[in-house]
2 protein chains.
Amino acid sequence: MQRAVPVADVKSLVLSKLERAKKASLVLAQLSTNEKNAILMKMADALEKNEGEILAANALDLKSLKVPESMKDRLMLNSSRLKAIASDVRSVALLPDPIGEKEGKEMKNGLRIAKVRVPFGVIGVIYESRPNVTADVASLCIKSGNACVLRGSASALNSNRAIAKAISSAVPEGAVELIDTEDRSAVDVLMNARGYLDIIIPRGGKELISHVVGNSKVPVIETGEGNCHIFVDESADLGMAERIIINAKCQRPSVCNAAEKVLVHERIAGEFLPILGKKLKENGVELRICEKSAKILGDVKVPFILATGQDWGTEYLDLIIGIKIVGDVDEAISHINKYNTKHTEAIITKSDANAKKFVALVDAAAIMVNASTRFTDGGQFGMGAEIGISTQKMHARGPMGLRELTTYKYIVNGNGQIRS
Amino acid sequence: MQRAVPVADVKSLVLSKLERAKKASLVLAQLSTNEKNAILMKMADALEKNEGEILAANALDLKSLKVPESMKDRLMLNSSRLKAIASDVRSVALLPDPIGEKEGKEMKNGLRIAKVRVPFGVIGVIYESRPNVTADVASLCIKSGNACVLRGSASALNSNRAIAKAISSAVPEGAVELIDTEDRSAVDVLMNARGYLDIIIPRGGKELISHVVGNSKVPVIETGEGNCHIFVDESADLGMAERIIINAKCQRPSVCNAAEKVLVHERIAGEFLPILGKKLKENGVELRICEKSAKILGDVKVPFILATGQDWGTEYLDLIIGIKIVGDVDEAISHINKYNTKHTEAIITKSDANAKKFVALVDAAAIMVNASTRFTDGGQFGMGAEIGISTQKMHARGPMGLRELTTYKYIVNGNGQIRS
């Protein structure tokens with residue numbers, strides 16, 4: 001276990017790591033695609049070569065963890081999981097490199113103006129739970145030419161240290177820096193590190209994200225919270241609606257693109273809700289429903305709980321779903337815009353007009369028409385890998401791949417031009 | 001004059017305006033390019049039609065202002081200035097509309113994924129001084145499909161009110177909301193208006209910008225501070241270097257893309273500094289220089305002040321320039337990266353290798369090779385108009401035109417796809 005460290009020491013520890021990362025960012029910005037890919041291959045090899053040390057460190061973390069077995073599973077590494085992590089690192093090497101992409105033009109005065117894609121510099125990532133994130137984030141940052149400063153969860157401290165140690169043997173000095181103290185003041189130092197960190201990405205629960213969003217002086221990309229809705233319109237193919245809802249709720253209920261709410265058009269509620277309610281119960285889903293829905297499901301003896309006002313804004317991340325009957329697509333849109341988290345919203349409909357309205361007026365990173373909310377994902381969107389799903393509108397929206405980890409710079413070439 | 005308003009009333013006043021803007025944003029998001037252009041034309045007409053009222057309000061502002069005449073000139077409107085403002089609004093109608101730009105692909109499972117450019121929603125702009133900003137910002141926001149909530153300076157309150165009143169007669173209800181109270185707590189309400197404002201752009205002095213950057217919970221785009229350097233390399237055409245430095249410093253010293261510092265390669269300092277020093281003095285520029293430069297300029301009797309450590313980080317916005325001799329391009333790069341504000345940096349050189357290194361390693365929105373720093377400007381970059389110059393790396397960098405006032409949304413069309 002880590003001993004308590006005085007706050008002043010935590011600050012100087014974090015600052016020294018930020019300094020190292022900043023220096024490394026200048027080295028990384030100049031690497032060619034081939035050089036970066038070679039580093040990723042070396043990283044993957046190093047993870048596999050250090051299997052013994054990494055798994056021993058992970059066992060140490062698991063031993064001191066007092067949580068249910070299901071949560072331990074999230075943290076647990078074994079030989080095949082470590083191989084999968086290494087394999088993900090190698091996949092990143094195969095992705096196209098966005099750095100150096102260029103749009104150019106020549107102005108009348110002869111100035112040649114190019115807008116060139118460049119790395120951010122240093123990216124801070126604060127994350128919870130699974131130790132695979134350490135390798136994932138490091139590989140995406142290296143490929144996009146960025147240094148990274150990582151702050152994982154206390155419960156994975158030893159695993160993260162062992163993984164970061166293996167990675168460090170493969171990358172330029174300072175390119176991947178792990179803040180390996182449990183002291184929470186380290187997060188404050190990161191959030192105040194203007195001039196060192198170019199962006200901060202929090203990955204984790206609602207509390208972590210809102211803490212960082214509310215307190216960081218470094219620009220933040222907000223990720224992950226998903227109170228996702230599926231609206232079943234009057235004209236929907238009800239079989240399709242049922243399949244999509246069951247998939248979006250049950251296939252992996254703990255992730256941000258799982259559906260949390262169903263809105264049903266009042267004209268089809270009497271027909272659809274009994275079928276949907278029974279199917280959801282068969283899949284072990286708890287129903288929290290509006291009073292109108294309660295009348296319908298009460299008649300067919302499907303068990304439910306009446307929803308409270310709080311339910312509509314809650315991301316359950318569990319086998320629970322909220323159901324509400326709405327008058328039409330307009331009511332669905334305004335309910336969603338009031339309660340959603342700007343992640344993913346879906347409509348099931350045969351009406352082009354209603355789909356068009358829903359798509360135009362619902363405010364979210366991704367809008368699904370007749371498809372499951374679960375598709376909002378870097379891999380499913382063809383980005384290869386993602387560092388997270390942005391729920392803000394600035395810089396990047398939805399799944400963030402390599403390109404979203406970059407910025408641009410204007411390079412202007414002249415031959416003595418002055419402004420008149 | 002505005003009477004003092006209790007804080008609770010300020011909060012409800014601002015919130016009611018935010019509500020109206022949010023509703024308007026849904027209307028604006030659905031307008032066609034032609035509809036938006038027609039609104040801009042009506043806006044320009046309304047500004048001209050209300051000339052009497054606007055100039056009277058402006059005279060009232062000027063009367064109660066106790067500042068030097070030069071500052072009054074910034075605030076002063078007259079008939080021709082108002083016509084110029086209306087003409088700028090009409091120019092925005094001629095710019096291409098970024099809304100609706102689309103990149104699409106079809107995945108193997110049949111999902112059609114489109115990334116479509118959409119407005120942010122509601123943009124908050126907090127600005128100082130000149131009343132033309134009110135019309136500029138409103139026109140750029142309308143054209144990009146955004147509602148805006150504007151908070152101008154107290155000294156232009158009556159002018160801004162009259163301009164906003166004229167604009168309001170031409171735009172959809174709530175599309176342009178002016179926070180017309182002098183009460184400073186209004187800024188706090190805006191900075192905390194998550195869920196209402198999608199971004200905040202502060203335009204003004206260093207203090208305003210750092211206050212907003214440090215305290216806003218709404219994502220911020222940092223603009224404007226420019227401690228811009230010009231590095232004169234060993235191989236520079238010295239005549240070109242002199243012309244560029246005089247242009248970048250003297251043509252308009254009060255703007256953010258004016259040069260504030262000159263770094264000179266030590267091998268040419270003996271030849272170049274006496275010429276440059278005399279020319280700068282002829283142009284009324286105060287010199288704040290390093291000790292090595294002092295020896296050279298002392299010999300030729302050019303008056304100067306020795307720079308203090310503080311000078312290197314200061315944006316003068318005045319006829320003052322800092323001069324420092326450096327050993328080589330590497331020292332120039334590290335000095336710039338230590339003290340610059342990530343706005344615009346220039347190198348004057350005949351060496352391709354040094355230009356390449358400077359361009360790759362200097363961290364700034366725009367890098368000029370053999371051209372004046374004054375070119376970093378939306379108009380000069382062919383964007384037509386700009387809402388400000390971003391000095392951060394997230395979302396937008398450098399001059400921000402219409403496209404930089406937008407975000408995107410993924411629209412996914414399926415026929416019942418679920419995730420396996």
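Which residue of chain B stands opposite A:Ala371 in E16(B)? Keep that in mind while you get set up.

**Before you click**

What you have open is a predicted model, in which local features need pLDDT of at least 70, side-chain atom pairs count only at pLDDT 80 or more, and totals for chains, interfaces and linings use all residues. Residues are numbered from 1 along each chain as its sequence is written, and chains are lettered from A and ligands numbered from 1 in the order in which they are written. Colour by pLDDT (the predictor's confidence in each residue, from 0 to 100): chain A averages 94, and 98% of its residues score at least 70. For the complex, the predictor gives an ipTM of 0.93 and a pTM of 0.92.

**Stop 1: the sheet that runs through both chains**

Helix and strand labels follow DSSP runs (helices H or I, at least four residues; strands E, at least two), numbered from the N terminus. Two strands pair if DSSP finds at least two bridges between them. Now select E10, E9, E11, E8, E7, E12 and E13 of chain A, then E16, E2 and E1 of chain B: in that order they make an open sheet of ten strands with mixed pairing. At the edges are strand E10 (305–306) of chain A and strand E1 (102–106) of chain B, each pairing on one side only. Strands of a sheet pair through backbone hydrogen bonds, either parallel or antiparallel.

Zoom in where the chains meet. Strand E13 (366–371) of chain A and E16(B) run parallel and are joined by five bridges. Here is the residue from the opening: B:Gln417 is the one opposite A:Ala371.

Slide over to strand E9 (286–289) and strand E11 (320–326) of chain A. Four bridges link this parallel pair, and A:Ile289 sits opposite A:Ile323.

**Stop 2: helices across the sheet**

Next, show helix H11 (266–282) of chain A. It lies across strand E7 (228–232), strand E8 (259–265), E9 and E11 of chain A, at about 145 degrees to E8(A).

**Stop 3: the face of chain B**

Count two residues as in contact if their C-beta atoms, placed from the backbone, lie within 7 Å. On that basis, 55 residues of chain B touch 55 residues of chain A. Which strand gives the largest share of chain B's side? E16(B) does, with eleven residues. By class, chain B's side has 28 nonpolar, 17 polar and ten charged residues. Here Ala, Val, Leu, Ile, Met, Phe, Trp, Tyr, Cys and Pro count as nonpolar, Asp, Glu, Lys and Arg as charged, and the others, Gly among them, as polar.

**Stop 4: a hairpin in chain A**

Select strand E1 (102–106) and strand E2 (112–119) of chain A. They run antiparallel over five bridges, with A:Lys105 opposite A:Ile113. The two strands form a hairpin with five residues between them, and A:Gly110 in the turn has a positive phi of about 90 degrees.

**Stop 5**

Go to A:Leu178 in strand E5 (176–178) of chain A. A:Leu178 counts as buried because it has 21 C-beta neighbours inside 10 Å. Leaving aside neighbours within four places in sequence, A:Leu178 is in contact with A:Leu150, A:Asn160, A:Arg161 and A:Ala164.

Over in chain B, find B:Ser155 in the loop between strand E4 (147–151) and helix H7 (157–168). Why is B:Ser155 buried? Because 22 other C-beta atoms lie within 10 Å. Beyond four places in sequence, B:Ser155 contacts B:Asp61, B:Leu65 and B:Leu75.

Finish at B:Val285, in the loop between helix H11 (266–282) and strand E9 (286–289) of chain B. B:Val285 has 20 C-beta neighbours inside 10 Å, so it counts as buried. Not counting residues up to four places away in sequence, B:Val285 touches several residues, including B:Lys249, B:Cys250 and B:Leu280.

Notes: Axes are lines fitted to C-alpha atoms, for helices over the stretch in contact, and angles run from 0 to 180 degrees between N-to-C directions. A residue is buried if 20 or more other C-beta atoms lie within 10 Å of its own, exposed if 12 or fewer, and partly exposed in between; C-beta atoms are placed from the backbone.
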